[in-house]
Amino acid sequence: MTTKRTDSGPSDSQLLAMYERMLLIRRMEERLRDDNAAGKLPGAVHLYIGQEACGVGVCAHLDETDWITGTHRGHGHFLAKGGDPKAMMAEIWAKRTGICKGMGGSMHVADLSKGILGANGIVGGGLAIATGAAFAAKLDGKGRVAVCFFGDGASNQGVFMEAMNVASLWRLPVVFMCENNQFSEFTPSKEVTAGEIADRARAFMPAAVVDGNDVIAVWRAAAEAIDRARSGEGPFFIEAKTYRIRGHMEAEPMLLGGGKYRDDGEIAEWTKKCPVARLKAHLLDTKAATASVVDAIEARVAGIVDDAAAYAEAGEPADPEFSFDLMFAGRRA
Ligand SMILES: Cc1ncc(C[n+]2csc(CCOP(=O)(O)OP(=O)(O)O)c2C)c(N)n1
């Protein structure tokens with residue numbers, strides 16, 4: 001789904017491809033939400049619902065040979081970069097058929113063959129990994145770029161400054177993509193984050209602040225950022241203002257025991273700004289797509305999700321003993 005930079009914005013076919021990818025992320029996560037509620041999933045899941053435009057608007061500019069790092073909320077990044085829905089679903093179900101043989105789970109979906117360096121349970125962990133990947137990309141001189149997705153909470157980690165300093169000093173081809181969804185776990189960002197996050201980055205590199213629920217705005221900012229990085233001009237920073245619609249994790253109501261840290265009205269307001277519905281309305285309003293084209297995408301995505309869920313459910317459970325083989329080379333040789 002790689003796109004090339006154009007001043008005129010994404011073409012109709014690029015918009016349709018992005019719509020399909022965003023819808024896939026949404027429907028996959030709705031299935032995970034339901035499977036989690038039914039007690040079918042073995043571990044925690046942090047859903048990306050409401051943030052789909054961020055991952056898709058950026059990854060639309062990347063090839064398989066480019067690198068990304070995701071977060072603990074990483075299903076959307078994995079799928080946006082072209083990760084296999086079946087293998088991702090099986091991983092979250094902790095099956096041998098999973099992309100990491102069921103050893104990683106939701107917070108560690110990765111596929112090096114697609115340039116997906118992984119989701120990450122360490123908040124801010126991807127910052128140094130993506131910067132290192134960008135250093136490698138600079139050394140091999142093939143025009144690859146690395147994109148680091150991270151949250152507003154991660155911008156308060158020390159590694160945030162370290163990564164931006166090195167990236168700027170060495171003019172590394174890395175794009176820092178901050179998805180400011182306004183919360184770190186159960187704490188509103190404004191209670192723990194001083195000033196504007198993009199202003200921190202401006203000490204090191206150019207930065208843009210965009211509406212993270214508008215995939216076209218994200219796509220445009222990412223076009224400039226990635227073009228710049230690819231052509232050797234160094235790093236770029238994007239802060240996408242968005243909102244996490246679901247809880248921090250699906251077990252949130254149980255953890256909070258009825259406690260609340262945000263208003264239902266606020267969630268309802270942001271639900272109205274749904275990035276997927278917004279792109280669908282744009283496609284229909286501008287006649288970039290007819291209702292039947294949009295319906296066909298919906299049906300195709302539903303089929304992919306059903307297949308992924310069936311594949312995950314049918315797989316053999318992962319063998320915990322196998323983790324020792326992965327840790328100690330030759331243990332079973
Ligand atoms: C180094 C580290 N510190 C703390 C945690 C616990 N933790 C998990 S998610 C999270 C909040 C992260 O917020 P943000 O980076 O904004 O991402 P979001 O959950 O909003 O997507 C925290 C503190 C962790 N996983 N890793």
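Trainee: What should I know before reading the numbers?
Mentor: The model is predicted, so local features need pLDDT of at least 70, side-chain atom pairs count only at pLDDT 80 or more, and totals for chains, interfaces and linings use all residues. Residues are numbered from 1 along each chain as its sequence is written, and side-chain values use heavy atoms, with hydrogens and water left out.

Trainee: How many residues surround the ligand?
Mentor: 15 residues do, and the closest are H72, R73, G121, G153 and F183. A residue is near if one of its heavy atoms lies within 4 Å.

Trainee: Which classes are in that shell?
Mentor: Four nonpolar, eight polar and three charged residues. Asp, Glu, Lys and Arg count as charged; Ala, Val, Leu, Ile, Met, Phe, Trp, Tyr, Cys and Pro as nonpolar; the others, Gly among them, as polar.

Trainee: Which backbone atom sits by a nitrogen of the ligand?
Mentor: A backbone N or O atom of V123, at 3.1 Å. Ligand oxygen atoms lie by the backbone too: one is 3.0 Å from a polar backbone atom of A154, and one is 3.3 Å from a polar backbone atom of D152.

Trainee: And how much of the ligand does the protein cover?
Mentor: 73% of the 580 Å² of accessible area that the ligand has on its own. Areas come from the Shrake-Rupley method with a 1.4 Å probe.

Trainee: Switching to helices. At what angle do α2 and α9 pack?
Mentor: About 40°, with their axes 8 Å apart. Here α2 is residues 52–59 and α9 is residues 215–230. That makes α2 oblique to α9. Under 35 degrees is roughly parallel, over 145 roughly antiparallel, 65 to 115 roughly perpendicular, the rest oblique.

Trainee: Where do α1 and α13 fall?
Mentor: Helix α1 (residues 12–37) and helix α13 (residues 291–314) cross at roughly 40°, and their axes come within 9 Å. So α1 is oblique to α13.

Trainee: What about α1 and α9?
Mentor: Their axes cross at roughly 110° and come within 12 Å. That makes α1 roughly perpendicular to α9.

Note on methods: Polar contact = N/O pair within 3.5 Å; in protein donor to acceptor, adjacent residues only side chain to side chain. Axes fitted to C-alpha atoms, helices over the stretch in contact; angles between N-to-C directions. Helix = DSSP H or I, 4+ residues; strand = E, 2+ residues; numbered from the N terminus.
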